[in-house]
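Biologist: I would like to learn how to read features from a model like this one. Please take them one at a time.

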Amino acid sequence: MTEETIQLELDDSGLAPGLPAPAHPRDQVQDVPYRPVEFRDDDLPTALERCSAWLRQAQEWLGEPLDVLAIHLDYDDRKGSPYYDVKLLCNEEDLAGVPIAIRNKQ
């Protein structure tokens with residue numbers, strides 16, 4: 001069996017530079033493990049819509065379905081914080097662009 005090495009271009013946080021960023025300032029891709037991508041808002045449907053829009057953009061960029069391991073819903077009732085916190089727990093290899101690098105190498 002032969003091992004092949006794939007070189008990835010990653011930013012300082014280990015993400016592919018072409019990965020779409022969540023559009024809203026409250027939303028973010030967090031650290032490992034499972035790379036939570038967070039969408040926060042006082043309105044749950046709005047947070048879910050932004051989550052869905054980002055997921056579509058990320059899958060279009062990746063060229064295949066993004067591996068989402070879990071969806072986590074929480075809330076934050078601290079004053080001044082967005083109430084809802086929706087997190088997609090994503091495969092970090094997908095967010096690093098590994099499937100793209102494999103296709104480009106072939």
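Modeller: Start with a definition: buried means under 20% relative accessible area, exposed over 50%, and partly exposed in between, with a 1.4 Å probe and protein chains only. A salt bridge is a side-chain nitrogen of Lys or Arg within 4 Å of a carboxyl oxygen of Asp or Glu. For charge, Lys and Arg count as positive and Asp and Glu as negative, while His and the chain ends are not counted. This is a predicted model, where local features need pLDDT of at least 70, side-chain atom pairs count only at pLDDT 80 or more, and totals for chains, interfaces and linings use all residues. Residues are numbered from 1 along each chain as its sequence is written, and side-chain values use heavy atoms, with hydrogens and water left out.

Biologist: Which side chain of opposite charge is nearest to Lys-87?

Modeller: Asp-85, at 4.2 Å. Lys-87 is buried and has no salt bridge. Helices (H or I, at least four residues) and strands (E, at least two) are DSSP runs, numbered from the N terminus. Lys-87 sits in strand S4, residues 84-90. Contact means heavy atoms within 4.5 Å. Leaving out residues up to four places away in sequence, Lys-87 touches Gln-30, Pro-36, Val-37, Glu-38, Ala-70, Ile-71 and His-72.

Biologist: In what order do the strands of the sheet lie?

Modeller: Pairing comes first: two strands pair if DSSP finds at least two bridges between them. Here 4 strands form an open sheet in the order S1-S2-S4-S3, with antiparallel pairing. Strands S1 (28-29) and S3 (68-75) stand at the edges, each with a single partner strand, so one side of each has no neighbour in the sheet. S1 and S2 are joined by 2 bridges and run antiparallel. Gln-28 has Glu-38 in S2 as its bridge partner. Strand S2 (residues 36-41) and S4 also run antiparallel, joined by 6 bridges. Phe-39 stands opposite Val-86 in S4, and Pro-36 has Leu-89 in S4 as its bridge partner.

Biologist: Which way do the residues of S2 point?

Modeller: In a regular strand the side chains alternate between the two faces of the sheet. In S2, Pro-36, Glu-38 and Arg-40 point one way, and Val-37, Phe-39 and Asp-41 the other. S2 is largely enclosed by the rest of the structure, because 6 of its 6 residues are buried.

Biologist: How many salt bridges does a search of the whole structure find?

Modeller: The search finds 5. One of them pairs Asp-76 with Arg-40, with the closest N and O atoms 3.8 Å apart. Asp-76 lies in the loop between S3 and S4 and Arg-40 in strand S2, so the pair ties together parts 36 residues apart in sequence. Asp-76 and Arg-40 are buried. Asp-41 pairs with Arg-50, the closest N and O atoms being 2.7 Å apart. Asp-41 is buried at 11% relative accessible area, and Arg-50 at 15% relative accessibility.

Biologist: Which residue forms a salt bridge with Glu-64?

Modeller: Arg-103, with the closest N and O atoms 3.2 Å apart. Glu-64 lies in the loop between H1 and S3 and Arg-103 in helix H3 (residues 98-105), so the pair ties together parts 39 residues apart in sequence. Glu-64 is partly exposed at 32% relative accessibility, and Arg-103 is partly exposed at 38%.

Biologist: Is Asp-77 buried or exposed?

Modeller: Asp-77 is exposed, with a relative accessible area of 60%. Asp-77 lies in the loop between S3 and S4.
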